[in-house]
Amino acid sequence: DLTEFDTTNVVDMDYMFLEANLGDCLSLVSSTITQANTPDRNILTLNTEGVISMSGMFKDCKVKHLDLRNLRTNNVTDFSNMFCSCNDLIDLNVDGFDTSQAKDFHGMFQGCIKLTQLSVKHFNVGNVLHMSYLFSRCRSLKVIDLEGWNFSQVMDANEMFGYCEHLEKIIADFNFKIINGMAYMFGCCTKLSEVDLSHSDLSHVFDFGYAFFKCEGLKEIRFSPGVWRKAKY
């Protein structure tokens, strides 16, 4: 029972629910949202207005349905590993996330092996620097829709989609400008049929190692000129 839990001055919620058994269903809402008088053990109210880091907040937790659409994230810069290895997670609602201040997405959804769909195309990623392992091992996702994402500030995307064995399509206009690492980026995406990187400047990338390893269904890859300029691997 966290009814009287005052987090008004909290700035860091890293690993807050690490390995916690949260039951089948949990909804987190901001304390600024008016709740019904009847207490609900599946609804947890938290003040996250001042929080700047949620790294690993739900890492390794046991929960099937997680509704975070009303959670305030407008000041959060670090979302790394937030849902990493949530092996039981079937449904995740992050529709209300404000990621305009975000800089780190490293491993945010890594290992969410039972998620069949994920709505994140509304994310503002214009300031994000790190996307390595972002969707790695999301083995049940067939489509990842990143339409409208701005990748221009991203520095690394190593294993971003690695081991997404059922992934058939990525909807994205990749516009990388300063990226330097793409190792295993699409590795073991055995059902992915095409990758379009023709709008990306990849001339700063030094590591392409295993970028398309075991992409058995891949029929077309499109690159921009000068792509191998600094490549060492």
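Entry 1. How do strand 1 and strand 2 pair, and over how many bridges? I looked this up first in the predicted model, where local features need pLDDT of at least 70, side-chain atom pairs count only at pLDDT 80 or more, and totals for chains, interfaces and linings use all residues. Residues are numbered from 1 along each chain as its sequence is written, and side-chain values use heavy atoms, with hydrogens and water left out.

I found that strand 1 and strand 2 (residues 43–46) pair in the parallel sense, over four bridges. Strands here are DSSP runs of E with at least two residues, numbered from the N terminus, and two of them pair if DSSP finds at least two bridges between them. I noted L44 in strand 2 as the bridge partner of L28.

Entry 2. I then followed strand 1 (residues 25–30) to strand 3 (residues 65–70); four bridges join them, and they run parallel. Here L26 has L66 of strand 3 as its bridge partner. Strand 3 is in turn joined to strand 4 by three bridges, again with a parallel run. In this pair I located H65 opposite D91 of strand 4.

Entry 3. Four strands form an open sheet in the order 2-1-3-4, with parallel pairing. Strand 2 and strand 4 (91–93) stand at the edges with a single partner strand each, so one side of each has no neighbour in the sheet. The twist averages 15° from one strand to the next, with axes taken as lines fitted to C-alpha atoms and angles running from 0 to 180 degrees between N-to-C directions. As background, I recorded that strands of a sheet pair through backbone hydrogen bonds, either parallel or antiparallel.

I also checked the faces of strand 2: L44 and L46 make up the covered face, I43 and T45 the uncovered one.

Entry 4. I turned to the largest nonpolar core, which has 68 residues. Such a core is a set of buried Ala, Val, Leu, Ile, Met, Phe, Trp, Tyr and Cys residues joined through side-chain atoms within 4.5 Å; buried means under 20% relative accessible area, exposed over 50%, and partly exposed in between, with a 1.4 Å probe and protein chains only. The residues with the most contacts inside this core are F58, F83, F105, F109, F135, W149 and F161.

For F83 I listed the contacts (heavy atoms within 4.5 Å). Leaving aside residues up to four places away in sequence, F83 touches F58, L66, L68, L92, V94, F97, M108, F109, Q110 and C112.

Entry 5. Is V154 buried or exposed? V154 has 0% relative accessibility and therefore counts as buried. I placed V154 in the loop between strand 5 (143–145) and strand 6 (169–171). With residues up to four places away in sequence not counted, V154 touches V128, L129, M131, F176, I178 and I179. From V154 to G181 the separation is 27 residues in sequence and 9.7 Å in space, C-alpha to C-alpha.

Entry 6. S85, in the loop between strand 3 and strand 4, has a positive phi of about 60° although it is not a glycine. S85 is partly exposed, at a relative accessible area of 22%. Y210 is not a glycine either, and its phi is positive at about 55°. I found Y210 in the loop between strand 7 (194–196) and strand 8 (220–222); its relative accessible area of 55% makes Y210 exposed.
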